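Visitor: Could you take me through this two-chain model, one question at a time?
Guide: Gladly; please have the sequence and the structure open beside you.

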Amino acid sequence: MTPSPVLAVTDLGVAFRTGDSDHPVLSNVSFTIAPSEILGIVGESGSGKSVTAMAVMRLLGPQGRITGGTVELDGADITALPEKAMLALRGRTVAMIFQEPMTSLNPLLTVGFQIAEVLREKLLLGRAEARARAVTLMRNAGIPSPVQRADDYPHMLSGGMRQRIMIAIAMACEPRLLIADEPTTALDVTIQAQILDMMAELRHRHGAAIMLITHDMGVIARMADRVLVMYAGEVVECAPIAEMFARPAHPYTRLLMAAIPTARRKVANLPSIPGVMPSPGRPPSGCRFHPRCPMAIDICRTRPPLLRAFQAGRISRCHRAEEMLGLQPTDTLAATAMLGAAP
Amino acid sequence: MTASVLALERVRRDFPAAGGRALRAVDDVSLSLASGETIGIVGESGCGKSTLARIILKLLPATSGRLLWAGEDVTALSERMMRPRRRHIQAVFQDPVSSLNPRMRVADIIAEPLRQLRLSRSTVKEHVQQTLALVGLPANSGERFPHAFSGGQRQRIAIARALAVEPTIVVFDEATSSLDVSVQAQILNLIAEVQARLSLSFIFISHNLGAVRHVSGRVAVMYLGRLVEEAEEAALFDEPQHPYTQALLAAVPEPVLGQRRPAPLPGEVPSALDRPPACHFHPRCPRAQTRCREQDPALRDIGGRLVRCHFPG
């Protein structure tokens, strides 16, 4: 029996307004995250992974708009919630950390004050109590001498320490869901390793579900339980981590993994994907990946593939997913056309 | 013995800092680059790799030490003296958006460094077309402006500009760091291909160890301004000897499951203004002993590689 998901996104569509026209950036995005699960979302620039996060936070800005679908947090759809109710959710039920902690922190306030502010605002703690909790949160986030550091301003701390502060702020109210958008991309690898270890610990300690957005398959391999791969505003594959690494069910996933230069061995010629990702607003006909796909056949050029579910919790948006998975064509019947939440 | 096309001899660079102190960004670095060789330089933020690149390009003078281009000591040459020599060494930087003039057509961007050479207009035009083909851009690219190109294509334009003057050395400073994985692979392949075809000498500076391994023949690792290890690519990546190199390699998340994960390196890189005494790495080193805190290790030759450690292995 699987526990009910913390987050269930179903058929989500998002568009941005430019001039007089709506420019779609997400179409039919569906996925779920279970309690204390880490879902990794990978994709290249423009694939829609950050927009997905912003839609869940309902922070799309004045130009952005949810055009369809539902976003259920603990079973309740938030797509139509009034802003006031969203304000209450943000920070309490769902919190977010970003790539560049310097731009997310107020340079004029001490970091201790900024953590305490959340506790006073959201949990209505008194000044002294909030301050004491802030110091504890900093200690839990791996900040040495937290009592002294609490009086530091953001610029006095290193990038790694600032990201720890952001995590302390995000975890202040023990949210059910933590969204981390490229949390270690701006950090050096040795610091990245420390922050990733700390995030892995978070879900054990708090049971928080984590949506980890990254362009780095290495980070995915180290952290995620399941992976969602996005391309040009769509989900192209979703699978448990072991299954995906063993056998990707979409050609894009396979190429994306092969294109990574590894420090473990030298490859004579790195497999690369020709061309560039199309804009989600002006997708090619048929499958959005077909112009770059080495496996493309006639049907791929004309008919957009549906997101289909296969065994072992796997989902793929590819006409040739059966071949990718080594299934017999007869198994196609068993694969249900699906556009809903993950099974 | 192949002649070295570039040599650094005990190069040091200090920057003045508050309180009359000096920040030593590059400390006693010696390096030589053979004809047709690609050397990779890796290290984390603040290790001095980009300062080193600027010294190599002679965009920044060294505080002490010597810089030799093709055997000639250029350390003290004036900018006027440098100008005719600059075509021998070209650079490609991280951000192709800010390094290309948005108001110039691609053909003019690539032709600009050729002006120094006083070639005929038709020769320049022909040369631009050849260079565009070499980096895999469509023949009509020259007529368009940089904004019409994607990030990967812009980086191809930057590479074309660097190659147009037929340099002997190209310095790539984080040249693939802002690109997406699929595009990065295209550019890394292009760099390796061009290197093999024209047998140029490349210096490839990056924090991305996988990218460095892919293009480099020899690799140097920097920590707080110093070279800590230098070896052939396979030796360095497969059997690193310096504890920092080992930690750096272990920290890279590889896209494979079930990796053995040693505990991450504790602490952070200290400030270059406040470098620990003796071995700069000792406060974070799992192998540090009294000797490391008291005595500065020299860069020693151990079985054909250079390691700055009292207890390598």
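Visitor: Which residue in S12(B) stands opposite Glu230(B)?
Guide: In this predicted model, strand S10 of chain B, residues 226–232, is joined by two bridges to strand S12 of chain B, residues 305–307, and the two run antiparallel. Within that pairing, the residue of S12(B) that stands opposite Glu230(B) is Leu306(B).

Visitor: In the open sheet of chain B, which strands stand at the edges?
Guide: The sheet has eight strands with mixed pairing, in the order S6-S7-S8-S3-S9-S10-S12-S11. Each edge strand has a single partner strand, so one side of each is left without a neighbour in the sheet; these strands are S6 (89–92) and S11 (300–302) of chain B.

Visitor: Which helix packs on the sheet and touches S6 of chain B?
Guide: From one strand to the next, the twist of the sheet averages 25 degrees. The helix that packs on the sheet touches both S6 and S7 (169–173) of chain B, and its direction makes about 175 degrees with that of S6(B); it is helix H5 of chain B, residues 151–164.

Visitor: What is the bridge partner of Gln90(B) in S7(B)?
Guide: S6(B) and S7(B) pair in the parallel sense over four bridges. In S7(B), the bridge partner of Gln90(B) is Val170(B).

Visitor: Which residues of S6(B) are buried on the two sides of the strand?
Guide: In a regular strand the side chains alternate between the two faces of the sheet. Both faces of S6(B) are covered, with Ile89(B) and Ala91(B) buried on one side, and on the other Gln90(B) and Val92(B).

Visitor: Which residues does Ile203(B) touch, not counting residues up to four places away in sequence?
Guide: Ile203(B) is one of the residues with the most contacts inside the largest nonpolar core. Once residues up to four places away in sequence are left out, Ile203(B) touches Leu33(B), Ile39(B), Ile41(B), Ile56(B), Ile169(B), Val171(B) and Phe172(B).

Visitor: Which element gives the most to the side of chain A that touches chain B?
Guide: In the contact between the chains, 39 residues of chain A meet 33 residues of chain B. On the chain A side, the elements that give two or more residues are helices H8 (189–206), H9 (217–223), H10 (241–246) and H11 (251–258). The element that gives the most to this side, with seven residues, is H8(A).

Visitor: By class, how many nonpolar, polar and charged residues does the side of chain A that touches chain B have?
Guide: The side in question is made up of the 39 residues of chain A that are in contact with chain B. Sorted by class, this side has seven charged, 11 polar and 21 nonpolar residues.

Visitor: Is Cys293(A) buried or exposed?
Guide: Cys293(A) lies in the loop between H11 and helix H12 (298–302) of chain A, where it touches Pro251(A) and Cys300(A), not counting residues up to four places away in sequence. Because Cys293(A) has 20 C-beta neighbours inside 10 Å, it counts as buried.

Visitor: What radius of gyration does chain A have?
Guide: Chain A has 14 helices and 13 strands, and its C-alpha atoms fill a box of roughly 65 × 50 × 45 Å along the principal axes. For 343 residues, a compact globule would have a radius of gyration near 20 Å, and chain A agrees with this, at 21 Å.

Notes: Residues are numbered from 1 along each chain as its sequence is written. Chains are lettered from A and ligands numbered from 1 in the order in which they are written. This is a predicted model: local features need pLDDT of at least 70, side-chain atom pairs count only at pLDDT 80 or more; totals for chains, interfaces and linings use all residues. Two residues are in contact if their C-beta atoms, placed from the backbone, lie within 7 Å. Ala, Val, Leu, Ile, Met, Phe, Trp, Tyr, Cys and Pro count as nonpolar, Asp, Glu, Lys and Arg as charged, and the others, Gly among them, as polar. Two strands pair if DSSP finds at least two bridges between them. Axes are lines fitted to C-alpha atoms, for helices over the stretch in contact, and angles run from 0 to 180 degrees between N-to-C directions. A nonpolar core is a set of buried Ala, Val, Leu, Ile, Met, Phe, Trp, Tyr and Cys residues joined through C-beta atoms within 7 Å. A residue is buried if 20 or more other C-beta atoms lie within 10 Å of its own, exposed if 12 or fewer, and partly exposed in between; C-beta atoms are placed from the backbone. The radius of gyration is taken over C-alpha atoms; the globule rule is 2.2 Å times the number of residues to the power 0.38.
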